[in-house]
Amino acid sequence: DIKTEEEIEIMRQGGNILARVLSEILLQISPGVSELDMDKLAEELILKEGAEPAFKRVEGYKNTICVSTNDVVVHGIPTEYQFKEGDVVGIDCGVYYKGFNTDMAETIKVSNIKNQISKKDEEINKFLETGMLALQKGIQEARIGNRIGHISKAIQKIVQGGGYSVVRSLIGHGVGKSLHEEPEVPGFLDNAIEKTPKLKIGMTIAIEVIYNMGKHDVTYSNNDGWTIKTKDNSLSGLFERTIAITKDGPRMLT
């Protein structure tokens, strides 16, 4: 679904709303605050900006955000759980604005205590820095002349080079009038790059780094039909941005 320059501009506006909302949510996460508190705040902020929560438009999903706390990988339904010092929390959020969706996610460590960093803190910090670096490297490959496989290869190289695992059953995707469009954008490469889709001007894609500190296997949890966790109970991380393919390179929309 190739977008016009006008459509990409609408997505940029919606993406700016999403970026502001997600930034505010991340600032508010602290010990004692609940997942549902953040869900309510996200909806209030999105509506105040004149947009709609994109995830509430997904059939069967009733919340504004997905919350991935510790071993939750994706699609975590917000609960009454109150964040604790040292938790690893991923927030995935989408905005629907003037007929177009944008999608974005970030993972942080909950920390209010300014004291000596423990070995576990160092491990978590390295884990999260690796995920962000993988996202940056993946985005850099989103340019004309490349293919989806170049993005996948860049993400996989950084994640596995850090000693972590890319989740293989969950991937990035095209985004626009629908929240999930073609093409699929895996964070790993299991095919020849030449067999993956060509990147074309006007494509808008959500590049996602979905990775685990342990093995890549995941499982449904909580019997809610949505929440997916790591099978080995290891920590999981999620970083995502919506970008457009332009003649001048990747254009960040969120």
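Biologist: How many bridges join strand β2 to β4, and in which sense do the two run?
Modeller: The model is predicted. In it, β2 covers residues 65-69 and runs antiparallel to β4. Cys66 stands opposite Asp92 in β4. The bridges between β2 and β4 number five.

Biologist: In β5, what is the bridge partner of Gly94?
Modeller: β4 and β5 pair over 10 bridges, in the antiparallel sense. They form a hairpin with two residues between them. Lys98 in that turn has a positive phi of about 50 degrees. The partner of Gly94 in β5 is Asp103.

Biologist: How many of the residues of β4 are buried?
Modeller: Take the two directions in turn. Val88, Gly90, Asp92, Gly94 and Tyr96 point one way and are buried. Val89, Ile91, Cys93, Val95 and Tyr97 point the other way and are buried too. β4 is therefore largely enclosed by the rest of the structure, with a buried count of 10 of 10.

Biologist: Which residue lies over the face of Tyr96?
Modeller: Tyr96 is one of the buried residues of β4. The residue over its face is 3.5 Å from the ring centre. That residue is Arg57.

Biologist: How far apart are the end C-alpha atoms of helix α3?
Modeller: α3 has 22 residues, 119-140. At 1.5 Å a residue, the helix should span 32 Å. The model agrees, with the end C-alpha atoms apart by 32 Å.

Biologist: Stacked or edge-to-face: how do the rings of Phe127 and Tyr164 pair?
Modeller: A search of the whole structure finds six aromatic pairs. In this one the centres are 5.0 Å apart and the planes are at 80 degrees. An angle over 60 degrees counts as edge-to-face. So the pair of Phe127 and Tyr164 is edge-to-face.

Biologist: How many residues apart in sequence are the parts that this pair of Phe127 and Tyr164 ties together?
Modeller: Phe127 lies in helix α3, and Tyr164 in the loop between α4 and β6. Both Phe127 and Tyr164 are buried. The pair therefore ties together parts whose separation in residues is 37.

Biologist: Which strands hold the aromatic pair of Tyr211 and Phe239?
Modeller: This pair is tilted, at 6.5 Å centre to centre and 35 degrees between the planes. Tyr211 counts as buried at 0% relative accessibility, and Phe239 at 2%. Ring pairs link Phe127, Tyr164, Tyr211 and Phe239 into a cluster. Tyr211 and Phe239 lie in strands β9 and β12.

Biologist: Which strands stand at the edges of the open sheet of three strands?
Modeller: The order is β3-β11-β10, with antiparallel pairing. Each edge strand has a single partner, so one side of each is left without a neighbour in the sheet. The edge strands are β3 and β10.

Biologist: In β11, what is the bridge partner of Val72?
Modeller: β3 pairs with β11, residues 228-230, over two bridges. The sense is antiparallel. The partner of Val72 in β11 is Lys229.

Definitions and conventions: Residues are numbered from 1 along each chain as its sequence is written. This is a predicted model: local features need pLDDT of at least 70, side-chain atom pairs count only at pLDDT 80 or more; totals for chains, interfaces and linings use all residues. Side-chain values use heavy atoms; hydrogens and water are left out. Helices (H or I, at least four residues) and strands (E, at least two) are DSSP runs, numbered from the N terminus. The expected span of a helix is 1.5 Å times one less than its number of residues. Rings of Phe, Tyr and Trp (its six-membered ring) pair if their centres lie within 6.5 Å; planes under 30 degrees apart count as stacked, over 60 as edge-to-face and the rest as tilted. Buried means under 20% relative accessible area, exposed over 50%, partly exposed in between (1.4 Å probe, protein chains only). A charge sits over a ring if NZ of Lys or CZ of Arg is within 6 Å of the ring centre and within 35 degrees of the ring normal. Two strands pair if DSSP finds at least two bridges between them.
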